Amino acid sequence: MPGSGKSHFGRILEEELICPLIDLDKEIEEAEERTISDIFEQEGEEYFRQAEARMLRIITESQEEVIISTGGGTPCYHDGLEYMNAHGTTVYLEAEESVLIKRLAPKDHRPLMVGDTEKRVKELLNQRLPVYQKAKITLSHRDPKRLAQELENS
Ligand SMILES: Nc1ncnc2c1ncn2[C@@H]1O[C@H](COP(=O)(O)OP(=O)(O)O)[C@@H](O)[C@H]1O
Ligand SMILES: O=C(O)C1=C[C@@H](OP(=O)(O)O)[C@@H](O)[C@H](O)C1
Ligand SMILES: [Mg+2]
């Protein structure tokens, strides 16, 4: 989910595992030379989903070992989760609804969070949970060092 801490955890895992990290949203922004918000505004969501799916595949095919922090929607469109499960270890980073609502306050820049944040978070969680639950690892504790150990031993 947006706000669950994927980018934040990714940066910690990068240090713990000494493995390069790629943030999918950042790569898309660099390739498109505009922000995710601008892409949504100027091109619409479907365009973004295609760019996201394409970038996920480009990175996966061009890198040997890499941590990818995806966007919250990446697993849910264009068979994203199935693709990631087939090519690597997937981690669903669980976060409580109340934590997400607090982090994704109206000042947040995320384009899917316009309007009533509480309602949007609940809607997105309901829609997406069945997909997220198919990840290979679900992380409900908030300790990235433990996750790093789990991944090293897997
Ligand atoms: N475990 C955590 N404890 C406290 N704050 C966190 C934690 N994980 C993320 N945050 C904060 O929550 C916000 C959203 O995190 P981010 O990593 O951007 O989420 P995502 O990439 O999943 O949307 C950021 O301001 C980040 O600093
Ligand atoms: O949940 C989503 O559909 C999205 C989450 C965002 O990434 P984060 O999950 O890193 O906020 C970003 O990819 C885009 O705004 C769409
Ligand atoms: Mg992120």
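Q: At what angle do helix 3 and helix 4 pack, and how far apart are their axes?

A: Two packed helices are described by the angle between their axes and the distance between the axes. In this predicted model, helix 3 and helix 4 pack at an angle of about 130°, and their axes are 7 Å apart. The two helices are therefore oblique to each other.

Q: Which residues of helix 3 meet which residues of helix 4?

A: From helix 3 come Ile39, Phe40 and Glu43, and they meet Glu45, Tyr47 and Phe48 of helix 4. Sorted by class, the contact of helix 3 with helix 4 has 4 nonpolar and 2 charged residues, with no polar ones.

Q: Which residues have the most contacts inside the largest nonpolar core?

A: In soluble globular proteins, nonpolar side chains tend to be buried together. Here the largest nonpolar core has 15 residues, and those with the most contacts inside it are Leu13, Leu24, Ile28, Met55, Val91 and Leu93. At least two core residues are supplied by each of helix 1 (6–17), helix 2 (24–32), helix 3 (36–43), helix 4 (45–62), strand 2 (67–69) and strand 3 (91–93). A second, separate core has 5 residues, among them Met1, Leu100, Met113 and Val121. Within the largest core, Met55 is one of the residues with the most contacts; leaving aside neighbours within four places in sequence, Met55 is in contact with Leu24, Glu27, Ile28 and Ala31.

Q: What should be noted about the phi of Ile18 and of Glu33?

A: Most residues other than glycine have a negative phi. Ile18, although not a glycine, has a positive phi of about 45°. Ile18 is found in the loop between helix 1 and strand 1 (21–23), and is exposed, with 8 other C-beta atoms within 10 Å. Glu33 likewise is not a glycine and has a positive phi, of about 55°. Glu33 is found in the loop between helix 2 and helix 3 and counts as exposed, with 7 C-beta neighbours inside 10 Å.

Q: Which residues surround the ligands?

A: Ligand 1 is surrounded by 9 residues, of which the closest are Ser4, Gly5, Lys6, Ser7 and His8. Helix 1 gives the largest share of this shell, 3 residues. The shell around ligand 1 divides into 1 nonpolar, 5 polar and 3 charged residues. Around ligand 2 the residues include Pro2, Lys6, Ser7, Asp25, Ile36, Arg110 and Pro111. The shell around ligand 2 has 4 nonpolar, 4 polar and 3 charged residues.

Q: Where does Ser37 lie, and which residues does Ser37 touch?

A: Ser37 lies in helix 3 and is partly exposed, with 13 other C-beta atoms within 10 Å. Not counting residues up to four places away in sequence, Ser37 touches His109 and Pro111.

Note on methods: Residues numbered from 1 in each chain as written. Chains lettered and ligands numbered in written order. Predicted model: local features only at pLDDT ≥ 70, side-chain atom pairs only at ≥ 80, totals over all residues. Core = buried A, V, L, I, M, F, W, Y, C linked by C-beta atoms within 7 Å. Buried ≥ 20, exposed ≤ 12 C-beta atoms within 10 Å, placed from the backbone. Helix = DSSP H or I, 4+ residues; strand = E, 2+ residues; numbered from the N terminus. Contact = placed C-beta atoms within 7 Å. Axes fitted to C-alpha atoms, helices over the stretch in contact; angles between N-to-C directions. Parallel < 35°, antiparallel > 145°, perpendicular 65-115°, else oblique. Nonpolar A, V, L, I, M, F, W, Y, C, P; charged D, E, K, R; others polar. Near = placed C-beta within 6 Å.
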